[in-house]
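Q: I'd like to learn how to read a few features off a model like this one. Can we go through it together?

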Amino acid sequence: VISFYRYVALDNPEILRESLLENCTKLGILGRLIVGGEGINGAVCGEENKIKECQSFLEKHFPSLTYREQTIEHQAYHKLVVRVRKEIVVLGKDVSVSQRADHISPKELKNWYDTQKDFVIIDARNEHEAVVGKFKDAVVLPIKTFKEFPEAIEKFENLKDKKVVMYCTGGIRCEKASAYMKEQGFSSVYQLEGGI
């Protein structure tokens, strides 16, 4: 199983959708791929050699794409879905991800904790994910979906001049949420590299 995302401007996501569908079908790969004007978001599963072929195909369109990989015994998905959407992860607000926050490495974040640096850590995931596990002293937003993030973060106007570190599962939500926060006047926002 590989999962991946990349925010990049795409001129014609419909054409990319068709070629992704054709390539994955030919390789017997199942999973979910979302393409849009802002990039790609996907998770797919198949035989290792077929996944490598799929990665080669993806990298023609998205050079240096990085993946989260997991070896499993059985197919993780029951079908292939390739869709075109306005957003590859739904925030519901127009935001320029080119304004996203700088990354902070896990090692540097641990150092911030160890040295008791003055910062606030925000969980950009939903409440259910936070129940499973979260960072020490993390602010958990009262959200069920990522689309609720903009309204929830409005309640934290008092943090606009503080150092804020945010995290999500793999980084895709933080890329967008951090850019949104910066557009809303948060002055010192960071995102955890690679997610939780």
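Q: Which backbone oxygen lies 3.5 Å from a polar atom of the side chain of Arg125?

A: A polar contact is a pair of N or O atoms within 3.5 Å; within protein, one must be able to donate a hydrogen and the other to accept it, and residues adjacent in sequence count only if both atoms are side-chain atoms. Here the backbone oxygen of Glu129 sits at that 3.5 Å from the Arg125 side chain. The Arg125 side chain also reaches the backbone oxygen of Gly133, at 2.5 Å. Keep in mind that this is a predicted model, where local features need pLDDT of at least 70, side-chain atom pairs count only at pLDDT 80 or more, and totals for chains, interfaces and linings use all residues. Residues are numbered from 1 along each chain as its sequence is written, and side-chain values use heavy atoms, with hydrogens and water left out.

Q: Is Arg125 buried or exposed?

A: Buried means under 20% relative accessible area, exposed over 50%, and partly exposed in between (1.4 Å probe, protein chains only). Arg125 has 6% relative accessibility, so it counts as buried. Arg125 belongs to the loop between β7 (120–123) and α4 (127–132); helices (H or I, at least four residues) and strands (E, at least two) are DSSP runs, numbered from the N terminus. Leaving aside neighbours within four places in sequence, the contacts of Arg125 (heavy atoms within 4.5 Å) include Ile143, Tyr167, Arg173 and Ile196.

Q: In what order do the five strands of the open sheet come?

A: Strands of a sheet pair through backbone hydrogen bonds, either parallel or antiparallel. Two strands count as paired if DSSP finds at least two bridges between them. In this model the order is β4-β1-β3-β2-β5, with mixed pairing. β4 (68–69) and β5 (80–84) are at the edges with a single partner strand each, so one side of each has no neighbour in the sheet.

Q: Which residues other than glycine have a positive phi, and where are they found?

A: Most residues other than glycine have a negative phi, and most peptide bonds are trans. Gln116 has phi near 55° and is in the loop between α3 (106–114) and β7. With a relative accessible area of 72%, Gln116 is exposed. Asp137 has phi near 65° and is in the loop between α4 and β8 (139–140). Asp137 is exposed too, at 61% relative accessibility.

Q: How many helices and strands does the protein have?

A: Six helices and 10 strands. The radius of gyration (taken over C-alpha atoms; the globule rule is 2.2 Å times the number of residues to the power 0.38) is 18 Å, close to the 16 Å that the rule gives for 196 residues, so the protein is as compact as a globular protein of that length. Its C-alpha trace spans about 50 × 35 × 30 Å along the principal axes, and 45% of the 196 residues count as buried.
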